[in-house]
Amino acid sequence: MSVNSLCHFYQTNVGSGRSPRFCFKTKAKLSAETNIVEKESTCVNEKIDYGVVSVHHVGVLCDNLERSLEFYQGILGLEINEERPHDKLPYRGAWLWVGSEMIHLMELPNPDPLTGRPEHGGRDRHTCIAIQDVSKLKVILDKAGIPYTLSRSGRPAIFTRDPDANALEFSQVDG
């Protein structure tokens with residue numbers, strides 16, 4: 001009979017590759033029969049492959065669903081995915097198409113402060129949406145009076161915030 005092990009999981013990057021090295025470290029293992037404490041660690045240098053396909057959706061908290069829909073639908077032109085259930089969850093929400101993926105608006109209390117966040121959304125948690133023409137979005141945001149910042153790197157991208165201070169990046173891509 002042995003006491004359950006306490007395990008910690010941590011990741012270290014090896015070289016410049018994208019395959020991380022994962023270590024499962026057993027902190028302490030106590031055998032009741034021998035009263036011996038063992039320390040072990042096991043590292044795996046294999047590529048982790050469980051079939052990642054794409055980002056399915058991003059969850060975005062909002063204080064007022066109607067106000068958020070005015071922004072996401074009325075300003076950004078995103079359409080609701082009517083196939084997603086709205087009444088199955090214990091809070092109000094909406095699923096909006098972003099290409100073949102979605103944003104899930106969830107009307108829940110936001111644990112993040114609404115003030116004191118970086119002016120430039122690229123220095124905050126953000127959702128990036130690939131678009132074809134940053135200059136057209138700039139005109140839309142200007143017309144609506146919505147503040148934004150341009151990418152500091154010089155690439156064609158705009159950062160703005162939704163009515164709940166969630167940062168959004170719109171990055172221009174080819175095709």
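This is a predicted model: local features need pLDDT of at least 70, side-chain atom pairs count only at pLDDT 80 or more; totals for chains, interfaces and linings use all residues.

Modeller: Residues are numbered from 1 along each chain as its sequence is written, and side-chain values use heavy atoms, with hydrogens and water left out.

Biologist: Okay, why is V52 called exposed?

Modeller: Buried means under 20% relative accessible area, exposed over 50%, and partly exposed in between (1.4 Å probe, protein chains only). V52 has 65% relative accessibility, so it counts as exposed. You'll find V52 in the loop between β3 (37-44) and β4 (57-62); helices (H or I, at least four residues) and strands (E, at least two) are DSSP runs, numbered from the N terminus.

Biologist: And what makes a nonpolar surface patch here?

Modeller: I48, Y50 and V52 make one of about 370 Å². Patch residues have over 30% relative accessible area and no salt bridge; nonpolar side chains (Val, Leu, Ile, Met, Phe, Trp, Tyr) are joined within 5 Å, like charges within 9 Å. The areas come from the Shrake-Rupley method with a 1.4 Å probe, and for residues only the protein chains shown count as cover.

Biologist: How do you know that the side chains of R92 and E66 meet in a salt bridge?

Modeller: The rule asks for a side-chain nitrogen of Lys or Arg within 4 Å of a carboxyl oxygen of Asp or Glu. For R92 and E66 the N to O distance is 2.3 Å, and they do form a salt bridge. This pair links distant parts of the chain, 26 residues apart: R92 is in the loop between α1 (65-75) and β5, E66 in helix α1. R92 has a relative accessible area of 38%, so it is partly exposed. E66, R92 and E107 are also linked in a network of salt bridges.

Biologist: Which residue does E169 form a salt bridge with, and is E169 buried or exposed?

Modeller: Its partner is R155, with the closest N and O atoms 2.6 Å apart. E169 has a relative accessible area of 6%, so it is buried, while R155 is partly exposed because its relative accessibility is 36%.

Biologist: Why is strand β5 described as largely enclosed?

Modeller: Because 5 of the 6 residues of β5 (residues 93-98) are buried.

Biologist: What joins β5 to strand β6?

Modeller: There are 6 bridges between β5 and β6 (residues 101-107), and the strands run antiparallel. Two strands pair if DSSP finds at least two bridges between them. In one of those bridges, L96 is partnered by I103 in β6. The two strands form a hairpin with 2 residues between them, and G99 in the turn has a positive phi of about 65°.

Biologist: Why is the pair of F71 and Y72 called edge-to-face?

Modeller: Rings of Phe, Tyr and Trp (its six-membered ring) pair if their centres lie within 6.5 Å; planes under 30 degrees apart count as stacked, over 60 as edge-to-face and the rest as tilted. The structure holds 1 aromatic pair. F71 and Y72 form it, at 5.1 Å centre to centre with 90° between the planes, hence edge-to-face. Both residues, F71 and Y72, are buried.
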